[in-house]
Amino acid sequence: MVYFIEMNLQKTARQILNWIRHGGEDLAFSLVTLYLIFNAHEDGIWAVVWTKRTNKIITGSIDDKLKVWNGDSLSLLQTLEGHQLGVVSVDVNPTGTVLVAASTSLDSQIRLWDLLGTASSRTIDAGPVEAWTVCFSPDGRHIAAGSHSGCVNIWNVETGERAAAPLNDLNTNKGKFIMNVAYSPSGNAIAAGAENGNIYIFDATTGKMVHSLPGHSMAIRSMVFSPDSSTLITASDDKRINIYDV
């Protein structure tokens, strides 16, 4: 079952920030429309993304499938198959002449799907648990993914090869599962959130760690930069939402 809520996203983002800054009380959203799809997948849905350039919604499930939905009618447009151990994460390239979705799975593969053509896929063999949550760079040329070993791996989208040495602060995060990654909209920074609550900011050009961010005590589940790349919002199993000036 999938709910799709249609709202004024810019207004809602401001509401969330104000809500957090004022103690998290008495927030009411004005929802315009609520859509409901029963049995959207045959198993749990772990990932969803709304394309930035076309009005499509992509969902990824433990049933090994990705599904592409029309953002207006919510009709099913495509079913993408190829993964063998569930779909953990999905993202869509923000730029370029081709609309590409990247998905990760416990089958150790990253798949790149052509969403404007035949829905064919290319496969990157990431290695065992070397690709968890996947994220495109703002220019669409690279994808980043956290790993079980505590590294952030970067791949070139066109060639499928590793674009750089893995990003990692070996002194503080060796062996700590990187559960979430996020590129800043400027493309200058990559944030990585670990299972122990640590957050690391890397320079996307040099690969060096710029600084670490304290404040969480449990696994980081989600992260997003503000549009101007100056702020990072994080969510954790410790029931906290933190806002950092980066």
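1. Ground rules. Residues are numbered from 1 along each chain as its sequence is written, and side-chain values use heavy atoms, with hydrogens and water left out. Because the model is predicted, local features need pLDDT of at least 70 and side-chain atom pairs count only at pLDDT 80 or more, while totals for chains, interfaces and linings use all residues.

2. Aromatic pairs. The structure holds 2 aromatic pairs (rings of Phe, Tyr and Trp, with the six-membered ring used for Trp, whose centres lie within 6.5 Å; planes under 30 degrees apart are stacked, over 60 edge-to-face, the rest tilted). Strands here are DSSP runs (E, at least two residues), numbered from the N terminus.

3. The second pair. Trp132 counts as buried at 17% relative accessibility (buried means under 20% relative accessible area, exposed over 50%, partly exposed in between, with a 1.4 Å probe and protein chains only). The ring centres of Trp132 and Phe177 are 5.3 Å apart with planes at 70°, so this pair is edge-to-face. Phe177 is buried as well as Trp132.

4. Thr231. This residue is found in strand 19 (residues 231-236) and is buried, at 13% relative accessibility. Its C-alpha atom is separated by 5.6 Å from that of Tyr244, 13 residues apart along the chain. Leaving aside residues up to four places away in sequence, Thr231 touches Val224, Phe225, Ser226, Ile243, Tyr244, Asp245 and Val246 (contact means heavy atoms within 4.5 Å).

5. Strand 5 and strand 4. In strand 5 (residues 65-70), 5 of the 6 residues are buried. Strand 5 pairs with strand 4 (residues 56-61) in the antiparallel sense over 5 bridges (two strands pair if DSSP finds at least two bridges between them). Thr59 stands opposite Lys67. The hairpin of these strands has 3 residues between them, and Asp64 takes a positive phi near 80°.

6. Strand 5 and strand 6. Strand 5 also runs antiparallel to strand 6 (residues 76-81), joined by 5 bridges; Val68 has Gln78 as its bridge partner. This hairpin has 5 residues between the strands, and Leu74 in the turn has a positive phi of about 65°.

Technical notes:
Helix = DSSP H or I, 4+ residues; strand = E, 2+ residues; numbered from the N terminus.
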